[in-house]
Amino acid sequence: QVQLVESGGDLVQPGGSLRLSCAASGSIFSLLGMGWYRQGPGKQRELIARISTDGQINYIEAVKGRFTISMDNAKNTVYLQMNSLKPEDTAVYYCNADVFVTQTQFLNAWGQGTEVTVSS
């Protein structure tokens, strides 16, 4: 079993900043990468940023230049620094991880979600 625990969601005004954190724990043999998804009201869940343990990073266009994903490999923790937040960033943000729980057994794990509301 692998557990992902997110934190950092909050109510923030437009233009503000938040930092989300997600710590992975449990039966982790090898961590391949972690990412952040979000699901806004009435919308489908979408991948917004992902980082691999070898440092490859991808963002969707909507967050490029405003959001920064980073990972502490020693702590199996991924962060999402969100700046210049907009009302359209309002969503539940989910952490996701690609993990080998043994040398051959792969698992894709999800966190429970943390809510971000951008509103004045």
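Read along the sequence, the chain follows the pattern β-β-β-β-β-β-β-β-β-β-β, with 11 strands and zero helices. Here helices (H or I, at least four residues) and strands (E, at least two residues) are DSSP runs, numbered from the N terminus. The radius of gyration of the chain is 14 Å, close to the 14 Å given by the globule rule for 120 residues, so the chain is as compact as a globular protein of that length. For this comparison the radius of gyration is taken over C-alpha atoms, and the globule rule is 2.2 Å times the number of residues to the power 0.38. The model is a predicted one, in which local features need pLDDT of at least 70 and side-chain atom pairs count only at pLDDT 80 or more, whereas totals for chains, interfaces and linings use all residues. Residues are numbered from 1 along each chain as its sequence is written, and side-chain values use heavy atoms, with hydrogens and water left out.

Taken along the principal axes, the C-alpha atoms of the chain fill a box of roughly 50 × 25 × 25 Å. Of the 120 residues, 42% count as buried, where buried means under 20% relative accessible area, exposed means over 50%, and partly exposed lies in between (1.4 Å probe, protein chains only). The accessible surface of the chain comes to about 6,300 Å², and 46% of this surface belongs to carbon and sulfur atoms; these areas come from the Shrake-Rupley method with a 1.4 Å probe, and for residues only the protein chains shown count as cover. Among contacts (heavy atoms within 4.5 Å) between residues at least 6 apart in sequence, 55% join residues at least 24 apart. The chain carries 9 positive and 10 negative side chains, and the centres of the two sets lie 3 Å apart. In that count Lys and Arg are positive and Asp and Glu negative, while His and the chain ends are not counted, and the place of a charge is NZ of Lys, CZ of Arg, CG of Asp or CD of Glu.

Strand 9, which spans residues 91–100, is mostly covered, with eight of its 10 residues buried. Two strands are said to pair if DSSP finds at least two bridges between them, and strand 9 pairs in the antiparallel sense with strand 4 (residues 30–39) over nine bridges. Within this pairing, Gly33 has Asp98 of strand 9 as its bridge partner. Strand 10 (residues 106–110) runs antiparallel to strand 9 and is joined to it by five bridges, including the one between Phe100 and Phe106. A hairpin through five residues connects strand 9 to strand 10.

Strand 8 (77–82) is largely enclosed by the rest of the structure, because five of its six residues are buried. Strand 3 (residues 18–26) pairs with strand 8 in the antiparallel sense over six bridges, with Arg19 having Gln81 as its bridge partner. Strand 7 (residues 67–72) likewise runs antiparallel to strand 8 and is joined to it by six bridges, among them that of Ser70 with Tyr79. In general, most residues other than glycine have a negative phi. Asn76, in the loop between strand 7 and strand 8, has a positive phi of about 50° although it is not a glycine, and the hairpin to which Asn76 belongs has four residues between the strands.

The loop between strand 8 and strand 9 contains both Ser84 and Asp89. Ser84 is another residue other than glycine with a positive phi, near 50°, and Ser84 counts as partly exposed because its relative accessibility is 43%. Asp89, by contrast, is buried, with a relative accessible area of 0%. Leaving aside neighbours within four places in sequence, Asp89 is in contact with Arg38, Arg66, Phe67, Ser84, Val116 and Val118.

Tyr59 is placed in strand 6 (residues 57–59) and counts as partly exposed, at 25% relative accessibility. When residues up to four places away in sequence are not counted, Tyr59 touches Ile48, Ala49, Lys64, Phe67, Thr68 and Ile69. The C-alpha atoms of Tyr59 and Ile48 are separated by 5.5 Å, although the two residues are 11 residues apart along the chain.
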